[in-house]
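Subject: A structure for you to explore

Hello! Here is the structure I promised to pass on to you. Have a look at it first, and then read my notes below.

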Amino acid sequence: MTMLKTDHITMRFGGLTAVKELNLQIHQGEIIALIGPNGAGKTTAFNMITGVYKPTEGKIIFGDGEITGLKPHEITKRGMARTFQNIRLFKELSVLDNVFIANHLHLKSNLFQSIGGKMYPDFLGKIWEPKYKKEEKEILEKSHMLLEKVGLIDLRYEKANSLPYGVQRKLEIARALATDPKLLLLDEPAAGMNPKETNDLTDFIRQIREEFDLTIFLIEHHMQVVMDISNRIYVLDYGVTIAEGSPYEIQNNERVIQAYLGVSEDA
Ligand SMILES: Nc1ncnc2c1ncn2[C@@H]1O[C@H](COP(=O)(O)OP(=O)(O)OP(=O)(O)O)[C@@H](O)[C@H]1O
């Protein structure tokens, strides 16, 4: 089954075409990577798919419906979640509170929005009022279950910013899982990781794919991770798709080698 299809999506910023006529097809259960040199248009592609940008041209189909031009929260509701290049945790809050808030945001976005700006202390005050208690208890239980599944339960009372970098990344992914996605987009999950953290991450991504029945689409510069984990790879260069194929095909593709090295092997 096709989980995500983009039909010639293009994003122009003034005179710059950041992504040109991108055609992706991602099937249920696949792990697909999007790679390319800096500035190739990878994050712009993610931003179109997740509703941050409306494509200048083209269509995006998710599951059996079109999502082109929908707002990010509407797309999240349909079952898509993402992480960002820069870790975006509530750093002063515990692991549990980070997941709890993400669950809450998903289930009770109205309450959260109504509290607005400096939301957290007010938010906590409000949710312990009797009328919220039952739902909050369920969300708390769900948060515990999620942390159990991703192996972070023993760290639930630790502050997010006290965790090693690799664990913070895992927590960010766990937070994205709180919205019950079918498709998870990861923007450079291995960025800044040491080799051990990188290996752990690769195992972790495989594990959550199984555990949560996910389809995964990731941007990654770390080639070992990409080649190790991906079923298929799309390669962008200056916004143009220059190759698509298995890890073996991509590693041996002359155009890809040129794009990365700036020179052909036999030049
Ligand atoms: N909001 C924007 N306004 C104008 N130009 C933009 C905007 N967002 C991205 N660009 C440009 O679009 C091109 C593609 O950028 P993008 O961030 O998508 O590349 P990338 O492949 O994700 O790069 P990196 O690997 O460095 O993260 C770049 O030339 C960038 O400067």
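This is a predicted model: local features need pLDDT of at least 70, side-chain atom pairs count only at pLDDT 80 or more; totals for chains, interfaces and linings use all residues.

Let's begin at a turn: strand 4 and strand 5 form a hairpin with two residues between them, and Gly63 in that turn has a positive phi of about 65°. Two bridges join these strands, which run antiparallel. Strands (E, at least two residues) and helices (H or I, at least four) are DSSP runs, numbered from the N terminus, and two strands pair if DSSP finds at least two bridges between them.

Residues are numbered from 1 along each chain as its sequence is written.

Now for the sheet around that hairpin. It is an open sheet of four strands in the order 2-1-4-5, with antiparallel pairing. Strand 2 and strand 5 (65–66) are the edge strands, each pairing on one side only. Helix 1 packs on the sheet and touches strand 1, strand 2 and strand 4 (57–62); the direction of helix 1 makes about 65° with that of strand 2. Here, contact is counted when C-beta atoms, placed from the backbone, lie within 7 Å, and the angle, on a scale from 0 to 180 degrees, is taken between N-to-C directions of axes fitted to C-alpha atoms, for helices over the stretch in contact.

Strand 1 (residues 2–13) is joined to strand 2 by eight bridges, and the two run antiparallel.

Which residues surround the ligand? Among them are Phe13, Leu16, Ala18, Lys42, Thr43 and Thr44. A residue counts as near if its C-beta atom, placed from the backbone, lies within 6 Å. Strand 2 (16–27) and helix 1 (42–49) each supply at least two residues of this shell, and helix 1 gives the largest share, three residues.

Finally, the whole protein chain comes to eleven helices and ten strands.

Enjoy exploring, and write back with any questions!

Terms used: Two residues are in contact if their C-beta atoms, placed from the backbone, lie within 7 Å.
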